[in-house]
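Look at the structure first, then read on.

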Amino acid sequence: MIVDYVVWIILLPLISFTIQIFFGKRLPRQGDWLPTSVMFVDLLLALIVAGKVFSAYDPDFRIARSFEWVVLGTTTIKFGLLIDNLTAVMLFIVTLVSSLVHLFSIGYMHGDPRYSRYFAYLSLFSFSMLGLVSVDNFLGIYMFWELVGVSSFLLIGFWFEKHSASNAAKKAFLVNRVGDVGMFIGILLIFAITHTFNFDEVFGKIASGEFAGALLTAAGILIFCGAVGKSAQFPLHVWLPDAMEGPTPVSALIHAATMVAAGVYLVGRTFVLYTETALLIIAGIGTITAFIAATIAVVQMDIKKVLAYSTISQLGYMIAALGVGGYNAGLFHLMTHAFFKALLFLGAGSVIHAMHHEQDMRQMGGLRHKLPITFVTFLIATMAISGVPGLSGFFSKDAILAAALGKAMETGTLYHYLIFATLIFTAGLTAFYMFRALFLTFYGTPRNQEKYDHAHESPSTMTIPLIALALFTVIGGYGSWFEELIRKPSLAMFSTGAAQEAAHAAAEGAAHGAHTIAMVLSILFAFAGIFIAALYYYWNKYSAEAVSEKFAALYRFLWNKWYFDELYQATAVRGTLLLSRAMGWFDLKVIDGIVNGTARMTTLLSFGSGTTDNRVVDGLVNWVARIVGWFGATLREIQTGKVQAYILMALGAFILLYVIQLAMV
Amino acid sequence: MMAVGLHHFLVLSALLFVLGLLAVITKKNAVTVLMGIELILNAANINFIAFSRYVDTDLDGQLFALFVIITAAAAAAVALAIVLNIYKQMRSVNLDEADTLAG
Amino acid sequence: MEALIQALQSQSAFFSQFSESLLALIFFVLFGLLFATVAAVCALVFVYLERKVSAHMQDRLGPMEVNTEIPVLKKIGHGWAQTLADAFKLLLKEDIIPDAADRRLHLIAPFILFAAVIAAFAVMPFGEKLVVSDMNIGVFFVLAITSFSVIGVILAGWASNNKWSLLGGMRSAAQIVSYEIPNGLVVLVIVMQVGSMRFNDIVIAQSGGILNWHVFQFFPLNLIAFIIAFLATLAEANRAPFDLPEAESELTAGFATEYSGFKWAIFYLSEYANMFLIGIFLSALFLGGWTSPFGSLFGGFFDQPGWQPIWIILKAVAIVFLQMWLRWTLPRLRVDQLMYTSWKVLTPFAFVAIFGVGLWMLL
Amino acid sequence: MNYFDLTFYVFAIGAVVSAGMMVFSRNLIYCAVGLLFALASVAGIYVLLGADFLAATQLMVYVGGIVALLLFGIMLSVKFTGVELRTGTLQMLPGLMIAAGLFLLLVRMVFRTEWAVNQPGEMLPTTSTIGKRIMTDLLIPFEIASILLLVALIGAAYMARRERT
């Protein structure tokens with residue numbers, strides 16, 4: 001029953017994509033109503049599914065149904081759906097954000113020459129993302145993973161006339177490919193060892209100890225590579241800021257709320273795969289990402305770039321949370337982040353729409369009078385992401401910090417204390433740069449009077465999604481249902497033997513003690529960040545320019561995004577070019593030189609020998625030649641150059657051989 | 001005359017095979033050569049199916065013949081396209097006249 | 001048939017004095033003659049029908065007068081004897097073979113065409129028991145055996161050694177080959193649903209009244225399939241609006257230009273026999289075949305075996321009437337429109353139908 | 001001589017005679033017609049061997065497809081208006097000798113090999129078995145065959161199209 005609903009949730013966007021891509025232009029209003037209404041139906045279905053799943057109120061709730069897909073000799077590849085609490089939550093998030101973004105896009109994309117195709121792409125994305133969160137095996141997740149990548153590629157490069165947009169699309173696709181290749185190798189490694197793609201069967205093999213050791217760690221890290229690419233983690237985070245070249249609602253849906261969270265979802269879904277070593281790497285990468293992205297965001301002037309780096313930073317938080325064992329906290333943050341980051345992006349989209357596609361914050365200012373609804377919702381989202389108590393972001397971020405501190409106290413290693421310290425400092429940075437963006441955009445005096453005068457509040461198709469998301473941002477963190485329902489999967493769940501609940505309980509206890517400290521620290525840092533931002537940009541007590549001049553080197557370092565793009569340009573891109581140039585040089589100078597040298601030497605030699613040849617040898621050779629010539633003249637009759645004659649001769653020879661052999665036996 | 005059995009089919013197939021071969025060897029026109037090839041493939045198919053009935057009683061032979069038919073269809077299409085191209089180049093499809101590359 | 005012969009031999013002393021193979025030979029010939037006759041009679045009826053349909057549709061006065069002096073028959077009126085007169089005229093006309101024509105192929109071509117159509121009748125289910133050979137690949141057999149007609153048409157066009165004939169033949173061949181594709185695909189739709197290619201299985205799957213007919217299942221996918229099948233078979237039979245191979249205004253009479261007398265009659269016969277074949281084929285696949293549309297209504301009275309041939313012939317005649325209706329209503333297509341219809345309209349929709357039905361059955 | 005044998009001889013003689021017509025006729029269209037009847041007779045032979053599905057496929061692919069294609073090929077590749085469609089032959093005598101020799105060898109092999117002949121059972125419908133095998137153990141060959149057909153389709157269409165300059 002639930003499975004049927006989920007099948008329809010996945011298939012409906014595919015159907016609307018098919019209709020839209022082929023007939024969209026001929027439908028009334030270019031067909032925008034079709035994918036939009038389909039997404040709202042999907043949202044309704046997802047709510048029904050969530051209701052049915054949560055009414056059981058059982059953390060171990062799961063329905064799996066699969067069919068035999070390919071039978072190759074003795075190996076059967078199954079394909080199917082897995083529905084548990086996590087899937088239900090993800091289905092709800094995706095359909096909610098996607099339907100609101102569809103609605104928002106009707107206003108935002110109005111008048112675009114490829115309006116109908118835009119909605120077709122959105123449908124394709126929704127289909128892929130919904131499939132991604134519902135399949136029950138690695139192969140399926142990989143297929144949908146790539147489909148999500150393709151739709152992201154299509155949407156980033158949607159305005160492909162712009163050179164920067166088509167380049168950004170290519171960059172996103174290529175950088176993702178690096179991670180995906182790792183993931184693909186990981187999946188093949190898992191298949192090679194366990195002979196199955198199915199999650200439960202693979203985890204069962206791990207639980208029974210058939211799949212362990214260094215190979216398991218390697219498989220985990222390889223699978224994590226996919227997450228690194230898709231969730232824009234260090235060192236593959238460079239594509240996400242460029243992806244902001246796509247339409248802003250797309251940034252909200254794909255590059256903030258859902259697709260980039262797929263990496264987090266992947267790590268969560270395959271959590272039992274990761275050994276302690278793998279988890280430490282995951283936590284480290286998440287923390288580094290969170291910190292680097294936050295520092296870059298501090299100096300950005302483009303409103304979407306700020307949000308992009310903030311997304312990377314928050315994804316780093318989630319990954320780090322999973323890495324320190326805060327399974328629940330990471331996925332909780334995934335959900336709340338989806339709400340407030342989608343809200344932030346749509347708010348930014350509303351601002352950009354009002355400012356006639358101006359994205360530079362230096363051109364804005366004072367917009368709170370002109371865009372009241374956008375301002376209020378943006379403020380709520382900013383407070384949520386900064387961790388102001390009472391909003392959803394506070395609860396989830398707090399849970400992550402508590403998990404990090406709990407892990408540090410439990411293990412007592414330096415690494416884990418370092419991770420905690422970095423994360424809490426980054427929390428302060430987050431509050432600072434988000435409020436900086438808010439003050440620059442909405443407060444102060446208008447810095448571009450002309451654009452300010454033309455600004456106007458967006459139509460209701462754009463403000464309704466803002467209000468709806470703001471509502472979820474406020475209430476999303478309350479209640480303990482998430483903590484109780486999304487439980488960290490333990491190996492015991494997949495082993496057939498007796499359950500081992502003891503380890504699970506012990507870990508919970510340590511985390512609880514850390515909670516209070518973490519909460520106090522996080523509130524402290526959040527308000528410190530907001531206060532400093534206000535000092536600089538609201539009260540204007542200090543001048544930001546002065547600081548940037550004083551620390552010019554650091555500022556340039558951050559402004560250039562830690563020189564990552566330059567680094568990759570210098571190593572990967574230039575390296576390839578250099579290598580090929582070196583090859584070319586080698587071919588031209590060395591090999592050609594050798595050949596030429598040989599040729600010259602040969603000329604000399606032959607000149608010398610030629611004279612002797614002409615006189616002495618030729619007499620002999622001519623004689624031989626005449627004999628060969630005679631043979632040749634006789635035999636060339638056979639070589640007619642006609643295939644049919646050759647076939648004839650080959651067959652004749654065959655028969656001759658056969659007869660000879662018969663005669664000999 | 002003995003009752004029809006495996007041998008009859010094999011002899012029939014051999015006869016069709018050599019007839020096809022004869023067409024391949026002796027015909028000047030490329031299209032007729034192609035016809036000869038089709039006949040050869042059919043002779044082979046008779047063998048496959050006869051063996052699948054008389055020797056190996058599951059359907060492996062028939063399946064093989066099916067794939068042969070598929071391949072023959074693809075081959076005929078491509079070969080005819082080539083023949084038409086040759087005709088465009090040389091205004092003739094006689095194999096003995098297609099000797100541009102012969103020294 | 002083997003069973004039939006053996007049964008006859010064991011039952012009757014008269015038959016047992018002949019060898020089995022001789023009897024088989026005789027039966028082959030008998031069945032062939034039977035079907036040729038049936039086809040000829042059908043064609044006569046349909047020619048008459050076509051004249052009447054066209055007359056009523058286009059207000060043609062036409063042949064309303066041909067009659068006899070025999071008192072009883074004279075009463076019928078309505079030019080009933082026209083078609084008989086036609087037949088006599090055709091049989092008695094001189095058989096002209098152009099000087100430059102290839103005599104042998106000129107002779108054989110109409111018979112290839114005719115044989116292809118007649119052979120397909122061997123698997124047509126006129127009733128549950130009323131079928132010559134209820135092959136398990138019946139539908140596929142029909143598609144395969146009717147592809148002979150392409151060869152007949154090309155040969156007729158070539159052997160006449162005439163520009164019109166050759167162009168008509170080539171056009172017809174291209175048309176038949178193109179429309180075989182959507183036709184084969186939509187036949188697959190039905191075969192997928194039933195899981196068998198045997199005609200009787202397909203018909204039995206639709207028993208129980210009009211609502212169980214395939215055309216109303218999987219709405220609207222099967223309806224689309226039926227429309228595609230109807231148009232594709234119409235084109236394969238070279239009927240208007242797809243009658244380019246014999247477009248009078250362009251090609252005189254297409255591949256049949258150089259034919260006269262009896263051989264021309266064979267072409268004529270094949271066309272009408274083919275229409276009837278299509279009628280039976282489509283009604284067996286989509287319209288319930290020999291089952292009654294009433295199901296168990298009227299106490300199952302119409303479900304008795306005796307009604308079976310009547311039902312299927314009624315349905316076939318209805319389809320033939322539809323074909324005639326289209327011919328006298330629609331103008332002819334251009335060649336490019338013809339190819340466009342096949343490749344860019346019918347084939348994609350046929351794929352939609354296959355995919356849709358497959359998905360539907362999976363869910 | 002029973003029913004089965006009679007049918008076999010009818011089809012076998014039909015196949016050989018029409019194949020002979022294909023080989024020895026000088027008229028291209030006659031060659032094609034000879035091939036047509038040879039292929040149709042081979043389809044009959046398939047039926048005798050219990051391969052009903054293959055027989056229908058043979059008719060469909062060869063008669064409806066390949067022979068029609070060949071006829072088109074002949075008509076497009078020969079200047080046939082005014083000139084008769086004739087093809088010459090090459091090396092007829094050596095060809096005949098080789099063919100006869102090969103035939104003798106093949107027949108010798110057929111009769112001297114000890115075939116492990118099983119008594120054939122009843123002829124059962126093959127279609128569903130073929131379908132199931134194609135979709136299970138022969139899936140990969142089947143997919144490759146479909147890709148081959150696609151490639152051939154595109155390649156043939158590309159090669160045969162009119163040059164646009």
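Which residue in the turn of the hairpin formed by β1(A) and β2(A) has a positive phi?

## A hairpin in chain A

G73(A) has the positive phi, of about 60°. Two residues lie between the two strands of this hairpin. Strand β1 of chain A covers residues 62-72, and strand β2 of chain A covers residues 75-84. The two strands pair in the antiparallel sense over ten bridges. R62(A) has D84(A) in β2(A) as its bridge partner. Two strands pair if DSSP finds at least two bridges between them. Helices (H or I, at least four residues) and strands (E, at least two) are DSSP runs, numbered from the N terminus.

## About the model

This is a predicted model: local features need pLDDT of at least 70, side-chain atom pairs count only at pLDDT 80 or more, and totals for chains, interfaces and linings use all residues. Residues are numbered from 1 along each chain as its sequence is written, while chains are lettered from A and ligands numbered from 1 in the order in which they are written.

## Chain B and its residue N47(B)

Chain B has three helices and zero strands. Along the sequence, its pattern is α-α-α. Of its 103 residues, 57% count as buried. A residue is buried if 20 or more other C-beta atoms, placed from the backbone, lie within 10 Å of its own; it is exposed if 12 or fewer do, and partly exposed in between. Among contacts in chain B between residues at least 6 apart in sequence, 45% join residues at least 24 apart. A contact means that two C-beta atoms, placed from the backbone, lie within 7 Å.

N47(B) sits in helix α2 (residues 30-54) of chain B. Why does N47(B) count as buried? Because 22 other C-beta atoms lie within 10 Å of N47(B). Not counting residues up to four places away in sequence, N47(B) touches L10(B) and S13(B). L10(B) is 37 residues from N47(B) along the chain, yet their C-alpha atoms are separated by 6.1 Å.

## Nonpolar cores

The largest nonpolar core has 197 residues. Such a core is a set of buried Ala, Val, Leu, Ile, Met, Phe, Trp, Tyr and Cys residues joined through C-beta atoms within 7 Å. I282(A) and A320(A) are among the residues that touch the most other members. Helix α14 (residues 327-354) of chain A gives the most to this core, with 17 residues. Another core, of 187 residues, lies apart from it; L19(B), F140(C), M170(C) and F281(C) are among its members.

Chain D has 70 residues in contact with 57 residues of chain B. On the chain D side, α3(D) provides the largest share, twelve residues. By class, that side has 51 nonpolar, 17 polar and two charged residues. Ala, Val, Leu, Ile, Met, Phe, Trp, Tyr, Cys and Pro count as nonpolar, Asp, Glu, Lys and Arg as charged, and the others, Gly among them, as polar.

Chain C has 24 residues in contact with 19 residues of chain D. On the chain C side, α8(C) gives the most, with six residues. That side has 18 nonpolar, three polar and three charged residues.

## A covered helix in chain C

Helix α7 (residues 138-146) of chain C is mostly covered, with nine of its nine residues buried. F140(C) and F141(C) are among them. The cover includes α6, α8, α9, α10 and α13 of chain C, together with α3 of chain D.
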